[in-house]
Amino acid sequence: CHVAWLAVVCLAVAIWICASYDVYLKQFLGLSMKGGVFIRVMVPLRMFTYFPLLVSVRRVVQCEAFNRALRAELLSPLGFATQRFLHRLAAGLLLVSVLFLWMEVTYDGFGYSTSSLLVARHAIVFSAVLVFSTAWVLCNSRIDSLRDGIIGAQGTFAGWRELTCDYQEVVTLIDDMWRKTHFSTACYIIFTADLGLAACVGGLVAASSDPWDVWRPGFMAVRQITVAAVGFYFCARIHSKCASTKHATQSVLYLARQQLGTVPPQHVQ
């Protein structure tokens, strides 16, 4: 399935480059030819960032730690709530994707080749966001369970050996799903590329003689900035819930430090 997605993206990028001198971005012709050529080059380059994303998504889906954690989560008492949340997320994401796709495809400056590329891009993004959300929910659930266990064990010596083992499992899970699959790196590349392209489009919109005629590209730039900001936040949230030293966060590290020196070594080894 992911090999097919790679083929679709390669074909779409080739079509885009061959059609780089079509009617795309007519409203910017009043600026300069350099501006039009620049945006035509930036967008295909932006599409190449989906290659590492597709490869990493495939690795996450095939990751044994990911599948094991997903099965355990679905069989837990919170499994039904997690499943319902993911179903609602998929439905909402599909609705938003269709809305944005309609806005982009019906844009006057986009030709047939561009529209075909946008359909493929939205399908890839839809799959990647679902995998990202599922991985984040699994990690967040395991971290919250570990935090609850530490809070429940405060003031006692019982259960700390099991909590230590749980901590090691959580670390291994996060490492296997995000670092070893290079999924986090691919996400950071996508977010950074989104910010770069949004800056380019924003500059062209600001330089346009009539900004109201280019409100759709401006809205797309705002959307890309929002997606990148939200993505960076959720990635940082995992680290914050594990290692933050702030009292308000109540991270695993913060809670464990409250017991420093009070638990005998034999109860944690």
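**Helices, a pocket and side-chain contacts**

Phe232 counts as partly exposed because its relative accessible area is 31% (buried is under 20%, exposed over 50%, partly exposed in between, with a 1.4 Å probe and protein chains only). This residue, Phe232, belongs to helix H9. The model is a predicted one, in which local features need pLDDT of at least 70 and side-chain atom pairs count only at pLDDT 80 or more, while totals for chains, interfaces and linings use all residues. Residues are numbered from 1 along each chain as its sequence is written, and side-chain values use heavy atoms, with hydrogens and water left out.

The protein chain contains ten helices and zero strands (DSSP runs numbered from the N terminus; helices are H or I with at least four residues, strands E with at least two). Read along the sequence, the pattern of the chain is α-α-α-α-α-α-α-α-α-α. The chain has 269 residues, and 43% of them are buried.

Phe232 is also part of a nonpolar surface patch, together with Tyr188, Leu195 and Ile225. The area of this patch is about 320 Å² (Shrake-Rupley method, 1.4 Å probe, with only the protein chains shown counting as cover for residues). Patch residues have over 30% relative accessible area and no salt bridge; like charges are joined within 9 Å, and nonpolar side chains (Val, Leu, Ile, Met, Phe, Trp, Tyr) within 5 Å. Helices H8 and H9 are the elements that give two or more residues to the nonpolar patch.

The largest pocket has a volume of about 830 Å³. On a 1 Å grid over the protein atoms alone, a pocket is an open set of points with protein on both sides within 12 Å along at least five of seven lines, whereas a cavity is a set where a 1.4 Å probe fits but cannot get out; lining residues have an atom within 4 Å of a point. Points are joined across faces, edges and corners, and the volume is the space filled by probe spheres set on them. The lining of the largest pocket comprises 31 residues. Leu93, Val125, Val129, Phe191 and Val227 are those that lie nearest the pocket centre. At least two lining residues come from each of H3 (50–62), H5 (79–105), H6 (112–153), H8 (183–207) and H9 (215–243). Helix H6 gives the most, with nine residues. Sorted by class, 20 residues of the lining are nonpolar, seven are polar and four are charged (nonpolar: Ala, Val, Leu, Ile, Met, Phe, Trp, Tyr, Cys, Pro; charged: Asp, Glu, Lys, Arg; polar: the others, Gly among them).

The count of salt bridges comes to six (a side-chain nitrogen of Lys or Arg within 4 Å of a carboxyl oxygen of Asp or Glu). One of them joins the side chains of Glu64 and Arg68, at 3.9 Å from N to O.

Arg142 counts as partly exposed at 27% relative accessibility, and Glu169 is partly exposed at 44%. Through shared partners, salt bridges join Glu64, Arg68 and Arg71 into one network.

Ile189, in helix H8, is partly exposed at 36% relative accessibility. Cys235 has its place in helix H9 and is buried, because its relative accessible area is 12%. Cys235 and Ser184 are 51 residues apart in sequence, and their C-alpha atoms are 7.9 Å apart.

The loop between H7 and H8 holds His182. The phi angle of His182 is near 60°, a positive value in a residue other than glycine. His182 is partly exposed, with a relative accessible area of 43%.
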